[in-house]
Structures are given as C-alpha cells and as structure tokens.
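I opened my notebook to look up a few spots in this structure. Come along and check each one with me.

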Amino acid sequence: MTTGPSYILKQSQLPRVVWDGLGLLNTHSGVGNYGANLYKNLEHLGISPEVTAQTGRLPGFVTSARGIILPPTLLGRKFQAFKPSFPVYSYRAAINQHQKIIYHGLSNINLPCFGRLRSSDKFVITIHDIIPILTGKNSALGLQFRWLMPRVLERADRVITGSNWARDSILEVFGARYSEKIEAVGYGTAKTSNIPSTEPSIDCLTIARGESYKRLELITSIARNCPARQFAVVTDQAGVSRMGHLPTNIKTYSGLDDERLSKLLLSARALLQPSLFEGWCLPAAAALNSGLYVIYCSGSGIDEVCAHAPEQAVALRPEKTTDDWSEALNGVLRRPKTTSPLINLPTWEEVAQKTLKIYQSLV
C-alpha cells in the first residue's frame with residue numbers, strides 16, 4: 001500500500017486557519033497577488049483558510065462561506081481599516097468560536113499587537129520586505145513600519161519571507177534573535193500563457209507602482225535617450241505622475257488583468273526594472289519565464305530571481321547613469337530574441353506546501 005506526502009496525512013490535525021484580510025483585495029498588488037495564488041494552491045492541498053473582511057469586501061478568491069465579516073465599530077469602518085486597528089478587530093471576530101486558531105497576516109505588519117490574546121492561538125506573519133524602512137524617508141508607511149514591526153516580530157510564532165534578502169534585511173535591522181522563527185519560503189511563478197499577443201511589438205516593458213524607490217523617472221530619461229525604441233510602462237496614477245512629461249515612444253497602462261498583462265509580456269523583448277529595492281520581483285520572474293531579457297538594479301531580492309537565468313539578465317549597480325542603462329538596453333536588444341526557456345523558478349504549489357508545513361509545525 002502506498003501513502004501520499006506527509007502534508008496530506010496531517011491536514012486533519014490542523015486547527016482553524018484564519019487569514020487577516022488586510023491587503024488582499026487588490027490582486028494587482030504584490031500582497032494581493034501573493035494571497036490569491038497561495039490561497040488557490042492551499043485549496044488544492046485541502047486547506048481553505050477563513051478570511052476576515054469588512055462588509056462586502058471579501059477578496060474575489062474567497063467564497064462567502066469562508067469569510068468572517070467584521071462587525072461595525074462605534075468609531076466607524078474607516079478607523080477599523082487602519083493598519084494598527086484592523087488586525088485587532090479581525091482577530092476578535094475570528095475567535096467568536098471556541099476552537100484554537102492559526103492566525104496568519106500576509107501584509108507585513110498585520111498581526112494583532114494590542115489587547116488580550118488567547119494562549120492557545122498561534123500567529124504567523126508574511127513579511128514581503130521592509131523597504132519603507134530601508135528608503136530612509138519618514139513617510140507615513142515608513143513610520144508605521146518602524147513602530148509596528150518590532151511588535152509584530154514579538155507577536156509572531158513564525159515569520160515567512162519571500163526572499164533570503166528580505167529575511168536578512170529583517171535580521172540586520174531588528175536583530176538576529178528572530179532567526180529561529182523566520183523562514184524564506186519564496187514566491188511562485190505561474191506558467192507562461194500561450195495566448196497569442198495582439199499588442200503591438202515593444203522593445204522594453206516596465207511593471208512598477210509609483211513609489212519613489214521604483215525610479216520610474218529613469219524610464220522617461222532612457223526613453224528620451226533611445227528615441228528609436230518603444231517602451232511600455234504598467235503602473236498606477238502615482239507612477240504616471242512621477243514619470244513627468246512623456247516622450248512619444250512611451251505608452252502607459254493601468255489596471256491590466258492577467259490575460260492582458262501576459263499578452264504585453266509576450267509582445268516585449270526586454271523588461272527594465274530600475275527599482276532600488278525589490279522583495280522578490282514577480283514581474284522579473286514572469287519575464288524570465290516568458291523568455292525576455294531582464295535589465296535590473298542589483299542589490300535586493302531581484303538578484304535571487306535573476307540568478308535562475310543569468311544568460312537572460314543584466315545587473316546594474318544603483319549608481320549607474322541613464323547612459324549606462326541605455327547602453328545595457330541596446331546591448332540586449334542586439335542579441336537574438338530568446339525562446340521561452342525552462343526556468344527552474346519555484347511554483348505556487350511548492351510555496352503552498354512549505355506554508356502548510358509551517359502551519360503544521362505550530363500544532
């Protein structure tokens with residue numbers, strides 16, 4: 001008689017798994033993308049976490065039967081949605097039943113850090129990166145991270161990161177005493193779509209939100225430096241504003257679904273990511289998996305992605321100039337177009353299996 005993997009055999013021993021719903025609504029964000037893919041693959045393993053949410057705000061990948069709706073507060077839904085507040089109300093809603101739970105926050109700092117907790121419950125946090133702290137700017141998010149992160153690390157029984165760089169950054173900033181509870185699990189890479197692209201052919205694609213450390217203004221400078229090249233930038237309104245007055249060889253996109261983004265990837269020759277920090281960089285993984293060249297700023301989690309396909313990747317240091325980036329871009333575009341190679345990137349199934357083993361370790 002044969003038996004399946006150990007994670008299959010032990011599923012029935014798990015207590016209720018509850019996800020804190022903060023950050024999971026926008027599947028175009030890194031946190032939302034991570035949550036959606038991890039949830040679907042945990043379901044394949046027989047685990048369907050319950051997810052907390054405000055009324056009418058469950059993520060699209062969660063059925064109503066698995067939703068825990070937070071009751072309204074006297075201070076209102078807006079106050080309840082604040083990052084320090086939401087996990088407190090979320091956890092209270094989750095423990096209305098008597099069973100012990102594994103409570104998992106997937107958005108860097110969303111564990112209940114205030115109020116009474118049941119000793120029987122266990123807490124897991126996924127920290128994608130601590131970039132708001134590393135930028136050195138006193139932004140609202142950066143100050144929030146500095147205040148909450150030490151409390152979250154103390155509260156958590158286990159800490160998950162997507163990259164070794166994120167794990168090492170946390171330990172460097174907050175202390176090696178957390179090393180026993182922290183594990184770099186990685187991110188999955190979806191299979192490349194086979195849908196033929198109907199997008200116009202482009203030389204260079206960039207996918208990034210509008211934070212300052214993404215350095216989208218550098219894309220504008222490179223495009224001006226390379227007027228014969230066609231550029232596409234997938235970003236938000238903040239990113240469009242940061243790029244300033246656009247030359248005619250840049251086209252911007254926002255709010256693309258997965259199918260449209262796949263088609264855009266298939267129409268491009270190279271991905272250009274000048275961001276100073278990347279916790280992992282899902283766009284780079286998707287680009288390598290689609291056979292694109294990737295030109296990127298080294299020194300963060302994206303190095304781990306590009307190490308899987310060094311022949312397709314060109315790393316530049318942060319101090320490199322517009323001319324250096326332009327030269328690197330023109331260099332890869334003179335190479336033969338690649339076919340989609342078999343890149344040995346982690347899969348979401350593997351990430352789900354590792355996450356399940358972390359849950360099991362808390363039983």
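Predicted model: local features only at pLDDT ≥ 70, side-chain atom pairs only at ≥ 80, totals over all residues.

**Entry 1: Asn110**

I saw that the side chain of Asn110 reaches the backbone nitrogen of Ser107 at 2.8 Å.

Residues are numbered from 1 along each chain as its sequence is written, and side-chain values use heavy atoms, with hydrogens and water left out.

Where does Asn110 lie? I found it in the loop between strand S4 (101-105) and strand S5 (122-127). Helices (H or I, at least four residues) and strands (E, at least two) are DSSP runs, numbered from the N terminus.

I called Asn110 buried because its relative accessible area is 0%, and buried means under 20% (1.4 Å probe, protein chains only). Leaving aside neighbours within four places in sequence, I found Asn110 in contact (heavy atoms within 4.5 Å) with Asp20, Leu22, Pro87, Tyr103, Gly105 and Ile125.

**Entry 2: Cys297**

Next I looked up Cys297, in strand S12 (residues 293-297). Cys297 is buried too, because its relative accessible area is 0%. Not counting residues up to four places away in sequence, Cys297 touches several residues, among them Arg215, Gln273, Leu316 and Trp325.

**Entry 3: helices H8 and H13**

How do the axes of H8 and H13 cross? I noted that helix H8 (residues 216-225) and helix H13 (residues 322-333) have axes that come within 9 Å and cross at roughly 65°. Axes are lines fitted to C-alpha atoms, for helices over the stretch in contact, and angles run from 0 to 180 degrees between N-to-C directions.

I listed who makes the contact: Leu218, Ser221, Ile222 and Asn225 of H8, with Thr322, Asp323, Trp325, Ser326 and Leu329 of H13.

Which residues of H13 are buried? I wrote down Trp325, Ser326, Ala328, Leu329, Asn330, Val332 and Leu333. What covers them includes H8, S12 and strand S13 (313-316).

Conventions
Buried < 20%, exposed > 50% of the residue type's maximum accessible area, 1.4 Å probe, protein only. Polar contact = N/O pair within 3.5 Å; in protein donor to acceptor, adjacent residues only side chain to side chain.
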